[in-house]
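Here is a short briefing to read alongside the coordinates.

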Amino acid sequence: MVPSLTLEYTEAGNLDDRMDAVKRAGFTCVNLYSGICKHLMQSVCSETKVLKSKLQQRGLAVDWLHAPYVYPVLYDMDIEKFSVSVGALKTAVNIAAELGARSLVVHPFDLDFPKDVDRGDAVDQLLHAFSVLVDYSHRYGVHIAVENIDEPYN
């Protein structure tokens, strides 16, 4: 296992400054938080290539990329919300693969997770969503990591 540092937790500055700070601190591997993933999901593909190039210029690899967790709703039985959520996370898998990340961190729920979490259909839907994501990400060499906390409610 190689020690890595999340760019979000480095000294203030733009993305280049943060990558430089990680490199100066002796790290060779970084973690990319959900804000970067969200930005890359809504930008042109060349931005992912630019970020990858900047990381490579500094000799930095990507350990994990954190998927946005407020928008995807994987437990919702509404087929349209579910399809859009899974599709968005498949896009995040593609970005993680392009950046060479080992893992994509995914939250199983958002801030509005229903109080009746014991309901079998919501849990079954969640399990189905993760089986789809694991199957999809396996083709790209990316692991799905489940983060079961939700700030500040952890």
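Welcome to a predicted model, in which local features need pLDDT of at least 70 and side-chain atom pairs count only at pLDDT 80 or more, while totals for chains, interfaces and linings use all residues. Residues are numbered from 1 along each chain as its sequence is written, and side-chain values use heavy atoms, with hydrogens and water left out.

**Helix 3**

- Helix 3 covers residues 45-57, and its 13 residues should span 18 Å at 1.5 Å a residue; the end C-alpha atoms are 19 Å apart, which agrees. The expected span is 1.5 Å times one less than the number of residues, and helices (H or I, at least four residues) and strands (E, at least two) are DSSP runs numbered from the N terminus.
- Thr-48, Leu-51 and Leu-55 are buried in this helix, where buried means under 20% relative accessible area, exposed over 50% and partly exposed in between (1.4 Å probe, protein chains only).
- Viewed down the axis of helix 3, the buried residues fall within an arc of 65 degrees, so they line one face; the arc is that of the directions from the helix axis to the C-beta atoms.
- An α-helix has 3.6 residues a turn, so residues three or four places apart point the same way.
- On the face turned away from the buried side sit the exposed residues Gln-56 and Gln-57.
- The cover over the buried residues of helix 3 includes helix 1 (15-24), strand 2 (29-32), helix 2 (34-41), strand 3 (61-66) and helix 4 (79-99).
- Just after helix 3, Gly-59 has a positive phi of about 70 degrees.

**Two buried strand residues**

- Thr-6 belongs to strand 1 (residues 5-6) and is buried, with a relative accessible area of 7%.
- The side chains of Thr-6 and Asn-31 are joined by a polar contact of 3.4 Å. Such a contact is a pair of N or O atoms within 3.5 Å; within protein, one must be able to donate a hydrogen and the other to accept it, and residues adjacent in sequence count only if both atoms are side-chain atoms.
- Ile-144 lies in strand 5 (residues 143-146) and counts as buried at 18% relative accessibility.

**The aromatic pair**

- There is one aromatic pair in the structure.
- The rings of Tyr-136 and Tyr-140 have centres 5.0 Å apart and planes at 45 degrees, so the pair is tilted. Rings of Phe, Tyr and Trp (its six-membered ring) pair if their centres lie within 6.5 Å; planes under 30 degrees apart count as stacked, over 60 as edge-to-face and the rest as tilted.
- Tyr-136 is buried at 12% relative accessible area, whereas Tyr-140 is partly exposed at 39%.

Notes:
Contact = heavy atoms within 4.5 Å.
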